[in-house]
Amino acid sequence: MLAVGLVVALLVSAGSGQLPIPADEVLGSVLHRLGLDWLPMPAHPRGDDTLWTVRFPRVAMAALVGAALAVAGALMQGVFGNPLAEPSIVGVSSGAAVAAATVIVFGLTFAGDWTVAVAAFVGGLTTTLLVYALARSGGRTEVVTLVLTGIAVNAVAGALLALLMFLGDTQAREQIVFWQLGSLNGSRWPYVAVVAPFAVAGIVLALASARSLDLLALGERPARHLGVHVERLRIGLIVVVALLTAAAVSFCGIVAFVGLVVPHLVRMVTGPGHRLVLPACLLAGSLVLVVADLAARTLVAYSDLPLGMLTSLVGGPFFFWLLWRTRRTSGGWS
């Protein structure tokens with residue numbers, strides 16, 4: 001059902017916009033590129049070019065980013081054993097924001113048009129490694145220590161971001177704020193080609209760890225007795241989370257709550273087993289972000305709403321509902 005829903009959402013999203021294109025013509029354009037003339041091509045003279053130059057790269061990026069964030073969220077919740085965990089805990093998003101803001105404020109162009117994206121990716125990974133270095137002691141990294149260290153690093157990153165916004169001019173401030181709000185506007189095939197390898201590699205590693213995550217859910221001691229190297233597994237999966245999240249935010253900015261909300265919704269339907277949760281999160285995350293991006297492009301005529309704002313408007317109330325439901329059924333988090 002998720003796969004069918006995702007295909008339908010991709011077709012509808014690709015055909016929606018200022019130049020509407022029917023779904024059968026969208027599919028006909030795809031089949032034509034594959035050498036199959038089974039369905040009609042877009043009737044508008046610029047329809048085919050619009051699809052392949054603007055629409056398809058954007059929906060492909062939405063699907064990749066949604067899958068990466070949702071799988072990263074499911075991994076975080078499995079590693080920490082806490083359904084409130086999300087990728088931003090380890091500082092990926094805040095580190096990416098500080099690096100991107102630094103590039104914007106000081107006008108750095110070491111990578112041309114790719115400078116902001118490269119800086120965000122490197123900043124996210126570097127912040128995660130810093131959190132681990134600070135939290136690690138005696139060859140071990142305790143979950144509570146890691147979370148508290150992440151909170152402290154996020155606070156410092158927030159202060160640095162405020163300082164950079166103070167130092168920047170009006171144009172730089174607006175660019176930083178727009179990047180933080182998140183958007184898929186301007187997505188192109190070269191950007192998709194950069195994000196795709198990182199996202200695919202991270203998702204493959206995540207799927208390969210499903211059995212170990214299920215054993216870890218039994219507790220650290222039972223997992224060790226069953227052959228799981230708990231410390232190595234946690235470190236490896238957090239690096240995978242950082243890779244997925246940094247790749248996702250590097251081109252589209254910060255998109256909140258996808259890594260928190262989607263795994264919860266999936267677990268409500270599939271149960272806790274990661275061998276089903278992770279593939280379902282992959283599809284559900286893609287579906288959610290494709291639909292969210294469609295709403296961002298079409299809710300207000302001739303405007304492109306910030307994607308992160310829309311996901312926060314939905315994710316925030318869901319988070320409150322989750323807290324209320326948990327308190328009502330079990331008295332809170334144990």
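Visitor: How much of the chain over residues 307–324 is helix, and how far apart are the end C-alpha atoms?
Guide: This stretch is 100% helix and 0% strand, with its end C-alpha atoms 26 Å apart. Helices (H or I, at least four residues) and strands (E, at least two) are DSSP runs, numbered from the N terminus. This is a predicted model, where local features need pLDDT of at least 70 and side-chain atom pairs count only at pLDDT 80 or more, while totals for chains, interfaces and linings use all residues. Residues are numbered from 1 along each chain as its sequence is written, and side-chain values use heavy atoms, leaving out hydrogens and water.

Visitor: Why is helix H3 called roughly antiparallel to helix H11?
Guide: The axes of H3 (residues 47–80) and H11 (residues 230–252) cross at roughly 150° and come within 9 Å. Axes are lines fitted to C-alpha atoms, for helices over the stretch in contact, with angles from 0 to 180 degrees between N-to-C directions. Angles under 35 degrees count as roughly parallel, over 145 as roughly antiparallel, 65 to 115 as roughly perpendicular and the rest as oblique, so H3 is roughly antiparallel to H11.

Visitor: What is the orientation of H8 relative to H11?
Guide: Helix H8 (residues 189–208) and H11 have axes that come within 9 Å and cross at roughly 160°. Therefore H8 too is roughly antiparallel to H11.

Visitor: Which residues of H8 make the contact with H11?
Guide: Among them are Tyr191, Phe198 and Gly202 of H8, where contact means heavy atoms within 4.5 Å. The contact of H8 with H11 has twelve nonpolar, two polar and no charged residues. Ala, Val, Leu, Ile, Met, Phe, Trp, Tyr, Cys and Pro count as nonpolar, Asp, Glu, Lys and Arg as charged, and the others, Gly among them, as polar.
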